[in-house]
Amino acid sequence: MYSRFDYASNPLGVSGNSDRLAFAPFFLFKDLVTIFIFIWVLSIFVFFMPNSLGDSENYVIANPMQTPAAIVPEWYNKCHLISLYAGSF
C-alpha cells in the first residue's frame, strides 16, 4: 500500500526540498506581470486608438427610410413567412 502513495504528492520523484520551486513568488509574479501587460495593451487601444477595433458600419449615416442589409428574417420566421406568401394559413 505504501508504494501506491509513494509519489502521490511529488510526481517527479524529487527527493529533497532544494530542487523544488515555490509557487508563490515565481508564478504569482509571472501572472501579475502578464495581467499588467494585458491591461496596459488594452488601455492603449481604448484610450489612444479606439476606432481601430471598431466596425466601419458604425460610421455610415443612417437612412430612416431604408432597412439595413444585415437585418434579415431568421429561420424561425420562415415557415410563417412562406405561409403568408402562399396565401394560406
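Let us start with charge: a search of the whole structure turns up one salt bridge, meaning a side-chain nitrogen of Lys or Arg within 4 Å of a carboxyl oxygen of Asp or Glu. The model is predicted, so local features need pLDDT of at least 70 and side-chain atom pairs count only at pLDDT 80 or more, while totals for chains, interfaces and linings use all residues. Residues are numbered from 1 along each chain as its sequence is written, and side-chain values use heavy atoms, with hydrogens and water left out.

Which residues form the salt bridge? Lys30 pairs with Asp31, and their closest N and O atoms are 3.3 Å apart. Side chains of opposite charge can pair when their charged atoms come close. Lys30 is partly exposed, with a relative accessible area of 44%, and Asp31 is partly exposed too, at 35%. Here, buried means under 20% relative accessible area, exposed over 50%, and partly exposed in between (1.4 Å probe, protein chains only).

Now step back to the protein chain, which has two helices and zero strands. These are DSSP runs numbered from the N terminus: helices are H or I with at least four residues, strands are E with at least two. Of its 89 residues, 2% count as buried. The accessible surface of the chain comes to about 9000 Å², and 68% of that belongs to carbon and sulfur atoms; such areas come from the Shrake-Rupley method with a 1.4 Å probe, and for residues only the protein chains shown count as cover.

Next, look at helix H1, which covers residues 23-48 and holds Leu28. Leu28 is partly exposed, with a relative accessible area of 46%. Leu28 also belongs to a nonpolar surface patch whose members include Leu32, Ile35, Phe38 and Met49, with about 1100 Å² of accessible area for the whole patch together. Patches are made of residues with over 30% relative accessible area and no salt bridge, where like charges are joined within 9 Å and nonpolar side chains (Val, Leu, Ile, Met, Phe, Trp, Tyr) within 5 Å.
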